[in-house]
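Open the model in your viewer and keep the selection tool at hand. The stops below say what to select and what is there.

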Amino acid sequence: MANADIAEDVVPAAPPTQKKGGKKWMVMGLVAVLVLGGGGFALTHSHGAKASTTQAEAPKQAQLFLPLDPAFVVNFADQDSTRYLQVGVTVMTHDPDAIQAMKDSDPVIRNALVMLFSAQTYAGLSDTAGKEKLQAQALTAVRKIVADKTGKPAQVDALYFTSFVMQ
């Protein structure tokens with residue numbers, strides 16, 4: 001009976017260590033998948049970030065300003081008297097070639113603007129809309145002259161009135 005008591009006290013042996021080893025490999029595989037997946041995700045997103053950063057950091061051409069000095073002084077007829085207009089003009093572009101073309105064509109540009117300014121009326125320039133219309137006409141005139149000089153569409157971006165006095 002002693003053998004029978006021993007047989008009852010015998011605890012079954014632990015199963016082979018294959019389950020522990022299997023879990024170990026499964027955890028390592030899961031970690032590898034996560035690392036590779038995360039690395040791939042980071043790689044694709046960092047490449048996209050570099051591309052957008054590169055586009056955002058693309059050098060912008062500087063704004064170049066050319067004041068047309070001295071200011072324009074013209075007279076124009078009003079109903080009862082002669083009026084005077086003094087206009088300071090500055091032109092803006094991003095193209096250095098356009099600046100050079102405007103410098104080379106300064107007498108032509110000044111002539112066109114003097115003719116344009118002297119053709120105005122006091123009533124027509126008394127409100128903001130009239131001044132903006134004159135500004136657009138002046139810009140169109142300068143663009144045409146620069147385009148004729150360079151042989152390509154003018155890269156004149158804006159024309160500003162830096163002073164505007166009517167009397």
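Select M102, K103 and D104 in α3, then D106, P107 and I109 in α4: these two groups meet, contact meaning heavy atoms within 4.5 Å. By class, this contact has 3 nonpolar, no polar and 3 charged residues. Here Ala, Val, Leu, Ile, Met, Phe, Trp, Tyr, Cys and Pro count as nonpolar, Asp, Glu, Lys and Arg as charged, and the others, Gly among them, as polar.

This is a predicted model, in which local features need pLDDT of at least 70 and side-chain atom pairs count only at pLDDT 80 or more, while totals for chains, interfaces and linings use all residues. Residues are numbered from 1 along each chain as its sequence is written, and side-chain values use heavy atoms, with hydrogens and water left out.

Now show the whole of α3 (residues 96–104) and α4 (residues 106–118), whose axes are 5 Å apart at an angle of about 75°. Axes are lines fitted to C-alpha atoms, for helices over the stretch in contact, and angles run from 0 to 180 degrees between N-to-C directions. The two helices are therefore roughly perpendicular, a label for angles of 65 to 115 degrees.

Next, select the open sheet of 3 strands, ordered β1-β2-β3 with antiparallel pairing. Strands pair if DSSP finds at least two bridges between them. β1 and β2 (residues 82–93) pair over 11 bridges. Helix α4 lies across β1, β2 and β3.

Last, which peptide bond is cis? Select D69 and P70: the bond from D69 to P70 is cis, with omega near 0°. P70 is found in β1 (residues 64–77). Most peptide bonds are trans.

Definitions and conventions:
Helices (H or I, at least four residues) and strands (E, at least two) are DSSP runs, numbered from the N terminus. Angles under 35 degrees count as roughly parallel, over 145 as roughly antiparallel, 65 to 115 as roughly perpendicular and the rest as oblique.
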